[in-house]
Amino acid sequence: MRKKTILLISMFLCLLLSVKAQNKFLNSPARKLQMAEFAISNLYVDKVDEPKLVEEAIIKMLEELDPHSTYSDPEEVKKLNEPLLGNFDGIGVQFNMSTDTLFVIQPVSGGPSEKAGILAGDRIIEVNDTIISGVKMSTEDIMRRLRGPKGTIVNLKIMRRGVKYLIPFAVKRDKIPVYSLDAAYMMDKSTGYIRISRFAATTSDEFEEALVKLQKKGLTNLILDLQGNGGGYLNAATDIANHFLQKGELIVYTEGRRNPRTEFCARGSGKFRTGGLAVLVDEYSASASEIVTGAVQDWDRGIVIGRRTFGKGLVQRPIDLPDGSMIRLTVARYYTPSGRCIQKPYESIEQYNKDLIDRYNRGEMMSSDSIHFPDSLKTKTLKKGRTVYGGGGIMPDYFVPLDTTYYTDYYLSLRDKGAIVQQNLILIDKYREEWKAKFPTFERFDKHFVITEHMLEELVTLGGSLGAKYDEEQYQKSIPLIKIQMKALIARDLWSMNEYFHVINTINNCVSKALESFQTMPRP
C-alpha cells in the first residue's frame with residue numbers, strides 16, 4: 001500500500017513538473033516566435049518562402065548580439081569549412097583567370113591533374129563539354145564545375161602552347177590539400193621565417209614539420225609572420241603557442257555566462273622554447289593570431305612587431321542545424337595570460353565595421369602616437385612587468401608604420417585593374433621553359449634575375465589598354481615596388497608561394513625590423 005502511495009505521489013510530481021515546464025514553454029519568447037512563424041506560413045494572404053522567412057529571422061536575431069555571431073546556409077558552411085579542414089575534393093590546380101580564360105599556374109604536386117598530364121601554362125577551355133573560356137563565366141561557377149566528390153571523373157579540354165588542337169583529359173577527382181603555411185625558409189644562417197595564413201586543422205603539423213626542417217639548417221632565431229592572418233581554430237592557436245612556452249605556462253583562458261573558466265596551458269613539448277622569437281602582426285591579424293601573440297607578449301617570450309591587431313576576443317561555438325546550415329554563436333570571451341580581453345567595443349555594429357577605416361583616417365597606421373588606451377585596461381607582463389593593454393587588439397612592442405612610399409595612384413590603378421597579374425601571366429607563358437633552363441635553382445634566380453625595361457614597357461602598354469592612365473612621375477616613384485612584385489610573382493609561378501615570400505619580404509619593413517632586432521635590440 002505504501003509503495004503504491006509513493007508511486008502515485010511520484011507520478012503526480014512528474015505531471016506537475018511537466019505542466020509547469022509546458023506552461024513555461026507556452027509563455028516563452030520561443031513559443032511566441034514559433035506561433036508568429038506558424039501564423040504567417042499558414043494564414044498569410046500570399047504564399048511565402050517559409051525557409052527564407054526562418055533564415056531571415058535567425059539572421060536578424062544574431063545581428064542583435066555581436067559582430068561575430070553569424071548564420072551560414074549549407075553552401076556557405078561548405079565554403080567556410082574547406083580552408084580550415086585542410087582539404088577539398090577537386091582536380092588540384094593553382095590557377096588564375098586571364099582575359100576570361102582559366103590559366104593553370106601550377107598543378108598540385110602529386111594531385112589528380114598532374115597525374116593526368118596537365119602542365120603549368122595550360123588553359124582549360126571546356127569542362128564536361130561546356131565551354132568555360134571566353135563566355136564571362138564567374139570563377140565561382142567554374143569552381144563548381146571542376147570540384148566534385150572524390151573518385152568522380154571530370155572531362156577537360158586543354159589548350160596548350162605550341163599544340164594546334166584541344167587536348168582531352170579525363171581527370172579523376174581526389175582530396176586536395178589546403179595548406180595553412182604560406183612559406184618557411186632560412187633568411188640567413190641563423191634566422192628562419194615561417195608565415196601562417198590561417199589556423200586550420202593541419203596547421204600544427206605543418207608548423208612543426210617546417211620548424212624542425214629549419215632547425216636542421218641552423219635556426220636559432222624565428223620570425224613568425226601572422227600579418228593578415230584572420231584566425232581559425234582555437235586548438236590550432238594553442239598548439240602553436242605551446243611550441244614557445246614552458247610547461248604549465250598559461251596560453252589563454254575562456255569564460256562566458258554559461259561557460260565556466262577553461263584554461264589552456266603549455267604541455268612542455270614545444271620545439272622552440274628557447275631562442276630569439278619575433279611575431280609580426282598588423283591590423284588584419286585577429287582571433288587565433290591574437291591568442292598566440294598575446295601569449296608570447298605576456299610571458300615576455302619574444303617581441304611583437306608591426307601594428308595594432310584587429311581586436312577580436314570572442315569565442316564562437318558552431319551549432320549545426322538539421323538542413324546543413326550553421327549558427328556560429330559567441331559563447332565566451334578569451335583572455336591572454338595576464339588577464340587581458342583584447343576584444344574591441346561593439347556597441348555600434350556600424351562603428352565596429354568601420355574601425356579599420358577610422359584607424360587609418362586618424363593616422364594610426366602611420367604613427368603610434370595616435371593610439372591611446374585607458375589606464376583601466378592596463379596590465380603587466382608576467383616575467384618582466386612591462387605595461388601592456390587590453391580592450392582593443394594587441395599593441396606591438398615595436399611599431400612599424402604602414403609603408404606607402406611606392407603606393408602612387410598610378411601603381412594602384414595598375415594593380416586594381418589587374419595589369420600586373422595579367423602581365424605576369426603573359427611573361428610566364430612566354431618564357432617559362434627558357435627561365436627554368438636558365439635558372440635551375442631559385443637561389444640562382446634570386447641572385448641574377450632582373451625585370452627588364454622591355455617588361456616594364458609592356459606592363460605600361462597593357463595598363464593603358466585596361467584603363468590605367470599613365471603618369472611618368474608616379475611611375476618612376478613606384479618602379480621599385482613594381483619590379484619586386486613582378487619578380488615575386490614569377491618566382492611563385494616557377495616554384496611556389498615559398499619563393500614568392502622570399503622575394504617580396506625584401507621590401508617588408510616588419511621583416512627588416514625583426515632581423516635588426518635579433519642583432520641590435522634587447523628583447524623585452
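Helices (H or I, at least four residues) and strands (E, at least two) are DSSP runs, numbered from the N terminus. The element names in these legends follow that numbering.

**View 1. Confidence across the predicted model.** This structure is a predicted model. Its mean pLDDT is 89. Of the residues, 94% reach 70 or more. Residues 5–10 have pLDDT below 50. Beyond near neighbours in sequence, that stretch has zero contacts in the model.

**View 2. The second largest pocket and its lining.** This pocket holds about 1,300 Å³ of space. Its lining counts 39 residues. Closest to the centre are Asp282, Arg307, Leu402, Tyr407 and Gln485. At least two lining residues come from each of β11 (191–196), α11 (355–361), α12 (409–416), α13 (419–438), α16 (472–494), α17 and α18 (509–520). By class, the lining has 23 nonpolar, eight polar and eight charged residues.

**View 3. The largest pocket and its lining.** About 1,600 Å³ of space lies here. The lining is made of 43 residues. Gln94, Tyr179, Leu181, Ser496 and Met497 lie nearest the centre. Strands giving two or more residues to the lining include β2 (87–90), β3 (93–98), β4 (101–107), β9 (174–177) and β10 (181–186). Among the helices that do so are α6 (139–146), α7 (203–216) and α17 (497–504). The largest share, six residues, comes from β10. The lining divides into 26 nonpolar, eight polar and nine charged residues.

View 4. Strand β5 covers residues 123–127. Four of its five residues are buried, so the strand is largely enclosed by the rest of the structure. Buried here means under 20% relative accessible area.

**View 5. β5 between β4 and β7.** β4 and β5 run antiparallel and are joined by two bridges. In this pairing, phenylalanine 103 stands opposite arginine 123 in β5. β5 also runs antiparallel to strand β7 (residues 153–159), with four bridges joining them. There, isoleucine 124 stands opposite isoleucine 158 in β7.

View 6. Strand β6 spans residues 130–131. Two bridges join β6 to β5, and the strands run antiparallel. Glutamate 126 stands opposite isoleucine 131 in β6. Two residues lie between the strands of this hairpin. Asparagine 128 takes a positive phi near 50° in the hairpin.

Terms used
Residues are numbered from 1 along each chain as its sequence is written. This is a predicted model: local features need pLDDT of at least 70, side-chain atom pairs count only at pLDDT 80 or more; totals for chains, interfaces and linings use all residues. Side-chain values use heavy atoms; hydrogens and water are left out. pLDDT is the predictor's confidence in each residue, from 0 to 100. Contact means heavy atoms within 4.5 Å. On a 1 Å grid over the protein atoms alone, a cavity is a set of points where a 1.4 Å probe fits but cannot get out, and a pocket is an open set with protein on both sides within 12 Å along at least five of seven lines; lining residues have an atom within 4 Å of a point. Grid points are joined across faces, edges and corners, and a volume is the space filled by probe spheres set on the points. Ala, Val, Leu, Ile, Met, Phe, Trp, Tyr, Cys and Pro count as nonpolar, Asp, Glu, Lys and Arg as charged, and the others, Gly among them, as polar. Buried means under 20% relative accessible area, exposed over 50%, partly exposed in between (1.4 Å probe, protein chains only). Two strands pair if DSSP finds at least two bridges between them.
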